[in-house]
Amino acid sequence: MTKKRRKKKRKPLLKISKDQQLDILGYLLLAVSLLTFLSLASPEQGRLTTLWLLCLTKAFGWGLYITPLFLGGLGLWLVLRRFEDHPLKLTTRQLGGITLGFFVLLATLHLIAAYLVWPAEDDISTLIQKGQGGGYVGGTLLGWLVNALGLMGAFITLLSSWLGVIVLTASTSLIEIMKWLRGLLQRRKSFGDAVEKEPPRVEESQQRRLTSPATPKRAATKPTPPAETQALRINPPGDEETETEIVIPLPPGSKWRLPAVAKILAASPEQVYSHDLIRKQVRTIEATLASLGAPVKVLETNTGPVITQFGVEPLFRTARSGKRIKIKVSKIASLADDLALALTAKSIRIEAPIPGKRLVGIEVPNVESAVVGLRDVMESEAFAKLEGTLSMGLGQDVSGRAVAADLCAMPHLLIAGATGAGKSVCINAIISALLLQNTPETLRLLLIDPKRVELTPYNRIPHLLAPVIVDIEKVVPALGWVMREMDSRYRRFANVGSQHIAAFNRYATAHAEAEALPYIVVVVDELADLMMKSAEETERVICRLAQMARATGIHLIIATQRPSTDVVTGLIKANFPARIAFAVASSVDSRVILDTPGAERLLGGGDMLFQPPNVGHPLRLQGTFVSDREIERLIEFWHKTAKPGATVPAAAIPRPPPGLQAALVQPALFPKFDDPAAQFKDGLVPAAVEVLLAEDRASVSLLQRRLRIGYTRSARIVDLLTELGIVTVDVQKGQSRGVNRETATALLQSLEGTKEG
């Protein structure tokens, strides 16, 4: 048997893809358009060009001069369609609008020629033969409309078609067009009224008086306060015509004055970025992800001070079965390191997805970072919208918009991050913003700085309740005084029937017998040092203040550079819903702060994730920067203002409360009680202290055996001594209890002195 030879199919010598065919068509259209222009401009024409122009005249009539433009534009779009940055980047909708506009124009030209230029001499068919009006194409379209709808129907149809062309080409809606026309008519009417009413002539002196700035161009964002107020007029950057007025009320009869923001804070330089570099990064992102099996399309870019966010839409890929499958968001998020390699970036963070959008955010560091000054944020509209005087300028987001927050709404703030990531700068910016809005009558500060170098310059301002606390032994007594102040304020609220500090201060303003209360902000620069010294007492005091102090106007700002579970405990995190995370070493540290990874990919230098209260996702911001010189000017202003003989007399300068001052002088001697002996209803307390000193340990069973008392009484004595700091609990060794011999000895000496007195 002979095998039949199969005929082999001959491969084409030249295989042209669809894209190449469109490119060839585009070049041909460009050539035809150029040839037509040259033929129209040349006085001498050849046979072919004469025949070509005659055909165009018969087909398009007066549209002969527009046809080369249409063909050339279509050819140029076909040639440049695959380039991302070409100037003729059109959507399919816009291309359809331009094509429709060409044919509507031909029909309109024929309508003008047939019924306006030669209304009685020639009909539609005669004009077609002469090549006038819209030619054969325009005449045929107009003839169909006139035969079907009549002359008025054809006119209305063409007018509606022009509106459709505008809607398609401009990518707008008919409602927006009507609004624009309405605004145009209103402006014309107001202009006509202004011309009819000639303004009266005034003298030059009167004219100067009338044109002086009296009212702002934008309404104030806050209600007009009484006469004793100070207004900060702020012009947003780049907007000279609008003016936002922030009014900060001062207490009645106040002799203090607030510093001017423009004199204290310096303006930041304008940010400059490269459009060519952004377009190059767009092409790199799309090409890299497509080569890794995750094709995307970049739909938007948001340039911030430090990073640029590229909003990408996941596309489809073709499976082996031929089915199109949508790219998973997790697939894109897992390629962050590959993108960083392709873009030669230090670190890339992927936000999958962007909240409120159907896009995935790819955040790429800028080549040159911009500085976000505190003045830029305080002069923003976002800052002006906040009510109250505890507003904080946090920074700018990935789009360059200012972000501000109200400390009263938080009501407490936890700040954590590695060393050098920008934590201390953030604290200085927050304190500076508070000092620019508040006098010592409305705000008092309690600053705790175990590192002894960050907050000590603020010792010269009159807002402090006490000098900056640098001794760890004095921290818990100081926080204990804050707790007692909180309880005292609650008793005052109950006496007048108020539920929070704002209602009480309104009551105090209306009643002379009551005194308004200032807000108290406690700033702790390093929580880890306090937790290492006395973890149980520190956690107990901080958590109780965080749970109950909001209504009394007491707010906590706690920072740490060691975000571990033994420092930022679960109980502390539960009472601090507002958190700021700077760059950390690992995703574990990020989860400790924010309960989610992401902070390990931050860039440092003020790059942070801000978790607002009652929001499910953190916001990436570039924190505000306050220079040492600006801080010095602010401190110098308040120091000079608080000097005797200056603007404010010495009698008006607030002084530390006696209870807090006593607690800081003798932190080991019962900061909770003014009279130690009067507080001990149980006479066995001195004997119990002597037993503990002799045994150098503490337990309920020990006091039961030695003092021969019951369990309830023994446990009550141990709890009392624990609260006073005599009995300590070693957290690392479980429930093992120790004795603070120094405090116990001081207690016995105090009791002996009380008896002798």
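## The largest cavity

G304, P305, V306, I307, Q396, D397, V398, D607, R620, L621 and Q622 line the largest cavity of this predicted model. Its volume is about 60 Å³, and the count of cavities of 30 Å³ or more comes to three.

Where does the largest share of this lining come from? Strand β17, residues 619-623, supplies that share with three residues. Sorted by class, the lining of the largest cavity holds five nonpolar, three polar and three charged residues.

## Helices α16 and α17

Let's turn to helix packing. Two packed helices are described by the angle between their axes and the distance between the axes. For α16 (residues 475-496) and α17 (residues 501-510), the angle is about 60° and the axes lie 10 Å apart. That angle makes α16 oblique to α17, and the crossing of the two is left-handed.

On the α16 side, the contact is made by R489, R492, F493 and V496, which meet I501, F504 and Y507 in α17. The residues of this contact between α16 and α17 divide into five nonpolar, two charged and no polar.

## Helices α15 and α22

A second pair to look at is α15 (residues 423-437) with α22 (residues 628-641), packed at an angle of about 35° with axes 11 Å apart. Here too, α15 and α22 pass each other in a left-handed crossing.

Which residues of α15 meet α22? They are N428, S432, L435 and L436, and their partners in α22 are I631, L634 and W638. By class, the contact of α15 with α22 has five nonpolar and two polar residues, with no charged ones.

Definitions and conventions. Residues are numbered from 1 along each chain as its sequence is written. This is a predicted model: local features need pLDDT of at least 70, side-chain atom pairs count only at pLDDT 80 or more; totals for chains, interfaces and linings use all residues. Side-chain values use heavy atoms; hydrogens and water are left out. Axes are lines fitted to C-alpha atoms, for helices over the stretch in contact, and angles run from 0 to 180 degrees between N-to-C directions. Helices (H or I, at least four residues) and strands (E, at least two) are DSSP runs, numbered from the N terminus. Angles under 35 degrees count as roughly parallel, over 145 as roughly antiparallel, 65 to 115 as roughly perpendicular and the rest as oblique. A crossing is left-handed if the near helix is turned anticlockwise from the far one by less than a right angle, and right-handed if clockwise. Contact means heavy atoms within 4.5 Å. Ala, Val, Leu, Ile, Met, Phe, Trp, Tyr, Cys and Pro count as nonpolar, Asp, Glu, Lys and Arg as charged, and the others, Gly among them, as polar. On a 1 Å grid over the protein atoms alone, a cavity is a set of points where a 1.4 Å probe fits but cannot get out, and a pocket is an open set with protein on both sides within 12 Å along at least five of seven lines; lining residues have an atom within 4 Å of a point. Grid points are joined across faces, edges and corners, and a volume is the space filled by probe spheres set on the points.
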